[in-house]
Protein chains: 2
Amino acid sequence: MIVMAEHAGFCFGVKRAVDAIEEALKHNHEVWTIGLPIHNPQEVSRLEAMGLRVADNDGMIPSGAKVLIRAHGEPLEVIERLKARGVQVEDMTCPFVHKAQDMAAELSGKGYHVVLLGDRNHPEIRGIMGHAAKPSEVEVVADEHEAEGITRRNRIALISQTTQREERLSRVAGILVRKASQLHICNTICKATAERQESVRALVRDNNTDGVVLIGGKSSANTGKLRDIIISEGVNVLWVEDEKELEANIEWLKDKKTVGIAAGASTPEWLIIKVRNYIAAYRGF
Amino acid sequence: MIVMAEHAGFCFGVKRAVDAIEEALKHNHEVWTIGLPIHNPQEVSRLEAMGLRVADNDGMIPSGAKVLIRAHGEPLEVIERLKARGVQVEDMTCPFVHKAQDMAAELSGKGYHVVLLGDRNHPEIRGIMGHAAKPSEVEVVADEHEAEGITRRNRIALISQTTQREERLSRVAGILVRKASQLHICNTICKATAERQESVRALVRDNNTDGVVLIGGKSSANTGKLRDIIISEGVNVLWVEDEKELEANIEWLKDKKTVGIAAGASTPEWLIIKVRNYIAAYRGF
């Protein structure tokens, strides 16, 4: 038997951005993204085969070409620089990330010292930072221990990376409330990450699964987190990028009676379906 | 030897209000407060002997008379009602409490759902509530467990009673951050309460005190808290309202070599000095 995680694969923001890239490829000669549009090599290959070009930085994109800003977003100066050079910009920043960017702009404009909770090397954080009035003054904390290092101020705004855990935002808020007369917290956490994690937990707890096939890019951090959850529940996991990788590990599948399927937020539906169909055909489910 | 707690007696806001009452008594025929101006019977008696009259409610105060709003503050409608009746109002609300009232007015006016952390029966809380756009919609929580019961909203403002502990505000903030997209926290906690508590702790830890004479009204909640701290440090405490009560318990003092003196935020300096002088004279310190 095959059981699917309730929430698996593309989140709303990623699906929206990928759909826009496909649509743009139908109508434009040259379509670019800055950096990989998504942490999934199979999906990137599919889009590149349709004509997508991936630039390392905004300077590589020729004037007159079309660029789609990926779901992670970009700093404001990058978007302004592109427009100034006559590049056609279509902003597919995830609306949840956009909200965080807008709050950074609004609150820094009102004189709040902006603190971001998240990973300082993540493009989403660099993008949010790049929407504050003075990006260089924005501070990033990874957790409550780093929050202890924030200097006391009259007004502090705390904004979260959309994929953070609410427990951590809660703990950081508890620290910063002592460091400001006015603390404005924007709970910009999106439910998609938690939903996928809870779905995987429910998948292995509510069904008597002998193992879970987890589908996602090997460099996808959110897929890695799903693997950790499955292992912590004492269930066997096989992490594959596609059905070919599953085929190469076919021994794993042989003795499994009930197989769960889960997928990260960057895994496209067509890949999930391919893997599912492969299992069904192989086992005669 | 006598050792004094570093911070003891009147806090800034109480001293300011009492000084204003004394000043008003010099120049006015009738001076009123609504409720006791301070939780200290000796100080209230002294002010009443100078001519102060204490009303149970604003309706008792005659038109043309002068009323001083005590440090705790009053709801806006009470002040407006008094002014409409031609009562002369001198607002001696503690500036820290005033800040909390202003924030309740401002944030409720901007559409925030106002949540207060504190004691719902305390006049300070009723006063802050009475400055919100719609006082009946304001919710009061005593701690993080009550905060769990707050319904999810788009925008919540959390404002603290000035005498709350920061640890508790921190824990309540950690709960409410999950219940609002935008949580605005006003850390309106005044240092006076914590300073008096820390001073008492330092008094018994840093000095080899054989016992502490604690001076304060028996109905003063903050004095009661100081007693609890002294007991929890394993030190003997004698809680007296004045030197007469100390005299009645003179046995307690006999064997003490090093005596600490502490006092609540509602204890006037003259009472502290009287008790101190009594001990010094008795023991020949």
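**Close-up views of ring contacts and a sheet**

**View 1. Charged side chains over aromatic rings in chain B.** The charged end of K256(B) is placed over the ring of W252(B), 4.4 Å from its centre. A charge sits over a ring if NZ of Lys or CZ of Arg is within 6 Å of the ring centre and within 35 degrees of the ring normal. R155(B) likewise lies over the face of Y112(B), 4.8 Å from the ring centre. The model is predicted: local features need pLDDT of at least 70, side-chain atom pairs count only at pLDDT 80 or more, and totals for chains, interfaces and linings use all residues. Residues are numbered from 1 along each chain as its sequence is written, chains are lettered from A and ligands numbered from 1 in the order written, and side-chain values use heavy atoms, without hydrogens and water.

**View 2. The aromatic pair of F12(B) and F96(B).** These rings are edge-to-face, at 6.1 Å centre to centre and 65° between the planes (rings of Phe, Tyr and Trp, the last by its six-membered ring, pair with centres within 6.5 Å; planes under 30 degrees apart are stacked, over 60 edge-to-face, the rest tilted). F12(B) belongs to helix α1 (residues 12–27) of chain B and F96(B) to helix α4 (residues 95–109) of chain B, 84 residues apart (helices are DSSP runs of H or I, at least four residues, and strands runs of E, at least two, numbered from the N terminus).

**View 3. The open sheet of chain A.** Four strands follow the order β3-β2-β4-β5 (chain A) with parallel pairing, where pairing requires at least two DSSP bridges between two strands. β3 (52–55) and β5 (88–91) of chain A are at the edges, each with a single partner strand, so one side of each has no neighbour in the sheet. Four bridges join β4 (residues 66–69) of chain A to β5(A), and I69(A) stands opposite D91(A) in β5(A).
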